Amino acid sequence: MAVSSFQCPTIFSSSSISGFQCRSDPDLVGSPVGGSSRRRVHASAGISSSFTGDAGLSSRILRFPPNFVRQLSIKARRNCSNIGVAQIVAAKWSNNPSSALPSAAAAAATSSASAVSSAASAAAASSAAAAPVAAAPPVVLKSVDEEVVVAEEGIREKIGSVQLTDSKHSFLSSDGSLTVHAGERLGRGIVTDAITTPVVNTSAYFFKKTAELIDFKEKRSVSFEYGRYGNPTTVVLEDKISALEGAESTLVMASGMCASTVMLLALVPAGGHIVTTTDCYRKTRIFMENFLPKLGITVTVIDPADIAGLEAAVNEFKVSLFFTESPTNPFLRCVDIELVSKICHKRGTLVCIDGTFATPLNQKALALGADLVVHSATKYIGGHNDVLAGCICGSLKLVSEIRNLHHVLGGTLNPNAAYLIIRGMKTLHLRVQQQNSTAFRMAEILEAHPKVSHVYYPGLPSHPEHELAKRQMTGFGGVVSFEIDGDIETTIKFVDSLKIPYIAPSFGGCESIVDQPAIMSYWDLPQEERLKYGIKDNLVRFSFGVEDFEDVKADILQALEAI
């Protein structure tokens with residue numbers, strides 16, 4: 001029986017088959033076989049075209065009640081929507097009206113499910129007489145479990161399901177559009193018609209037969225295997241970040257520190273040498289100064305603008321990696337990424353830029369010559385102060401080296417966290433625009449205020465790398481650091497007088513956040529030790545959220561008046 005002849009008969013409205021509905025699928029109606037490539041490909045992609053007929057006949061799809069769908073199989077529930085299951089089962093029954101449900105499903109079926117089987121057979125027979133259209137090749141399926149695996153093949157193809165053009169994102173011309181659609185609109189490897197990316201909560205993935213497992217182990221096929229090695233939801237997030245950074249590959253991990261430490265361990269050999277900069281996140285410095293020496297790895301520390309120091313280091317040592325932030329934390333110093341990349345590459349030294357403060361929207365470090373970019377996705381990329389994550393972007397070769405060690409060390413991002421970041425990234429461009437604008441305007445106001453002694457912001461002409469920032473950044477970020485004209489007690493009074501921002505140790509989210517680095521990050525060190533890193537007691541780091549500018553301005557000004 002040709003599937004293309006299947007129509008929803010009036011018998012399905014009978015009260016004896018309560019719970020069944022038929023509806024037209026707008027993506028299948030009026031789409032002849034071989035028609036527009038924009039037609040949706042369902043979970044049962046191998047048979048969906050046969051429902052259309054060669055004359056564009058209106059297609060009807062069975063919608064089964066939830067209890068019946070649950071009876072089909074665990075695999076059906078996991079891999080297919082109700083629509084996909086309906087297409088598969090209807091195709092099987094239409095091809096072989098006498099077939100019964102597989103024993104596993106039949107054992108659990110209710111009497112109404114049995115009635116459904118008879119009704120489906122009658123529907124197939126009725127449609128054969130009523131719709132004399134060209135017959136499509138029959139779909140040969142062996143069992144419900146094997147039928148549903150047809151849908152699973154898309155997942156088994158390393159995220160290569162639906163491609164409209166050779167270039168995944170050729171129709172998207174801006175980062176704003178990429179934050180919404182990259183990794184999802186085209187090529188999402190999860191079989192679903194849902195607009196949003198589903199969360200795949202599983203710790204492991206199964207193989208149908210041992211032969212399939214051997215093919216995977218001998219690299220004749222690609223598959224997910226174990227939760228620590230990859231997850232479909234996480235892969236969507238990686239693809240979205242890769243699109244923004246212009247990277248061949250991205251690896252996401254459980255935190256930004258996890259990304260930085262695994263990257264260093266993977267790429268710097270025992271006894272190797274790295275170069276970094278004075279101004280950086282303290283925990284990164286602690287890892288370099290306290291842990292890496294245990295592996296015989298030595299470190300040269302230079303000022304972010306010390307090009308001569310970098311050249312001397314790469315000429316004197318066999319430097320494996322130059323690792324720096326740009327802008328840096330907390331003084332927002334900028335590194336000439338293009339220049340340092342040229343210097344390092346002449347000596348075979350890799351360049352990794354921590355672009356957390358910049359975001360992928362304000363700065364494209366890979367395009368400027370860097371080999372790798374690291375982000376704490378907890379900050380701007382996630383953007384909602386509700387998830388921890390980190391990522392590494394770069395060439396497939398380098399990221400694969402890091403991924404191999406990551407599979408050993410763990411630090412896996414939970415798929416629920418990946419979903420939160422995917423959701424957060426869809427407003428990344430809107431959030432960053434607002435944060436850039438508010439931070440820039442407030443930096444100018446703060447610099448002119450008599451109770452502020454110094455402001456650190458790359459958008460200000462007074463910043464030592466202002467001209468560099470103008471060349472390599474399209475926005476200056478949403479964080480402003482500044483020094484209050486007073487001592488630690490005066491600064492505490494200013495911070496405590498603020499009403500909008502939270503006192504917290506992060507940045508980049510929708511909510512404004514403020515902290516005194518001397519207390520929040522360096523309080524365990526005596527004052528003289530803090531000053532070695534330039535951390536004065538009156539230093540304030542202010543991360544602007546997406547609140548209204550006038551509200552934030554009024555709040556900061558009233559807090560300054562309070563001191």
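**Talking through buried faces and cores**

Colleague: Which residues are exposed on the other side of α13?
Modeller: In this predicted model, A308 and E316 are exposed on that other side. Exposed here stands for over 50% relative accessible area.

Colleague: And which residues of α13 are buried?
Modeller: Within this helix, residues 307-316, they are G309, L310, A313 and V314.

Colleague: What makes you say that they line one face of the helix?
Modeller: Looking down the axis of α13, the buried residues fall within an arc of 125°, so they share one face. They pack against β4 (273-277), β5 (298-302), β6 (319-325) and α14 (337-346).

Colleague: Thanks! Now K379: why is this residue called buried?
Modeller: The cut-off is under 20% relative accessible area. K379 has 14%, so it counts as buried. K379 sits in the loop between β8 (372-376) and β9 (390-394), and UniProt lists it under "modified residue: N6-(pyridoxal phosphate)lysine".

Colleague: Which residues does K379 touch, leaving out those up to four places away in sequence?
Modeller: T356, S506, F507 and G508.

Colleague: Let's turn to the largest nonpolar core. How do you know that it lies between domain 1 and domain 2?
Modeller: That core has 76 residues, and F482, F494 and I556 have the most contacts inside it. Domain 1 (149-425) and domain 2 (427-560) both contribute residues, so the core lies between them.

Colleague: What is I556 in contact with, beyond its neighbours within four places in sequence?
Modeller: I556 contacts M442, L446, F494, L498, F542 and F544. There is also a second, separate core of 24 residues, with V262, M263, M288 and L321 among them.

Conventions:
Residues are numbered from 1 along each chain as its sequence is written. This is a predicted model: local features need pLDDT of at least 70, side-chain atom pairs count only at pLDDT 80 or more; totals for chains, interfaces and linings use all residues. Side-chain values use heavy atoms; hydrogens and water are left out. Buried means under 20% relative accessible area, exposed over 50%, partly exposed in between (1.4 Å probe, protein chains only). Helices (H or I, at least four residues) and strands (E, at least two) are DSSP runs, numbered from the N terminus. The arc is that of the directions from the helix axis to the C-beta atoms. Contact means heavy atoms within 4.5 Å. UniProt positions are given in the numbering used here, feature names are shortened, and annotations may be inferred rather than shown by experiment. A nonpolar core is a set of buried Ala, Val, Leu, Ile, Met, Phe, Trp, Tyr and Cys residues joined through side-chain atoms within 4.5 Å. Domain bounds come from an automatic or database domain assignment.
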